[in-house]
Amino acid sequence: MATAKVHAHWYVQDGLIEIWLVGKYLYYYSWEDLPNFKLGQVVSKEEIGHPIKWLPWNPKYIPIQAYRALN
C-alpha cells in the first residue's frame, strides 16, 4: 500500500476549496468532499479519496488568494 505524508494545507475562497500538499502532489478538494487530514499524518492512497484535481508540487499552483492553514 502506498502512503504519503501530509505537509501543508491552504484555504481558498473562504473555505469553499481546500488544497493539501500530500507527498509530492497538491490535492484540491471542494467543501462537499473535504478530507479529515492532520499535518504530519501519513495517509494511504485510499484516504486521499476523490479530489477535484491534483497537480505535482509547485508553488505556482497555489492561487494568490489562498491562505495557509495552521492545522
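A charge counts as sitting over a ring if NZ of Lys or CZ of Arg is within 6 Å of the ring centre and within 35 degrees of the ring normal. Keep in mind that this is a predicted model.

With that in hand, select Lys53 and Tyr28. Lys53 lies over the face of Tyr28, 4.7 Å from the ring centre.

Next come rings with rings: the structure holds 5 aromatic pairs. Start by selecting Tyr11 and Tyr67, whose ring centres are 5.6 Å apart, with 35° between the planes, making a tilted pair. Which strands do these two belong to? Tyr11 is in strand S1 (residues 3-12) and Tyr67 in strand S6 (residues 67-68), so the pair ties together parts that are 56 residues apart in sequence.

Now hop over to Tyr29 and Phe37. Their ring centres are 6.3 Å apart and their planes stand at 80°, so this pair is edge-to-face. Are these two buried or exposed? Tyr29 is buried, with a relative accessible area of 2%, and Phe37 counts as buried too, at 7%. The cut-off here is under 20% relative accessible area.

Ring pairs link Trp20, Tyr29 and Phe37 into a cluster.

Methods
Residues numbered from 1 in each chain as written. Predicted model: local features only at pLDDT ≥ 70, side-chain atom pairs only at ≥ 80, totals over all residues. Heavy atoms only, no water. Phe/Tyr/Trp six-rings, centres within 6.5 Å; stacked < 30°, edge-to-face > 60°. Helix = DSSP H or I, 4+ residues; strand = E, 2+ residues; numbered from the N terminus. Buried < 20%, exposed > 50% of the residue type's maximum accessible area, 1.4 Å probe, protein only.
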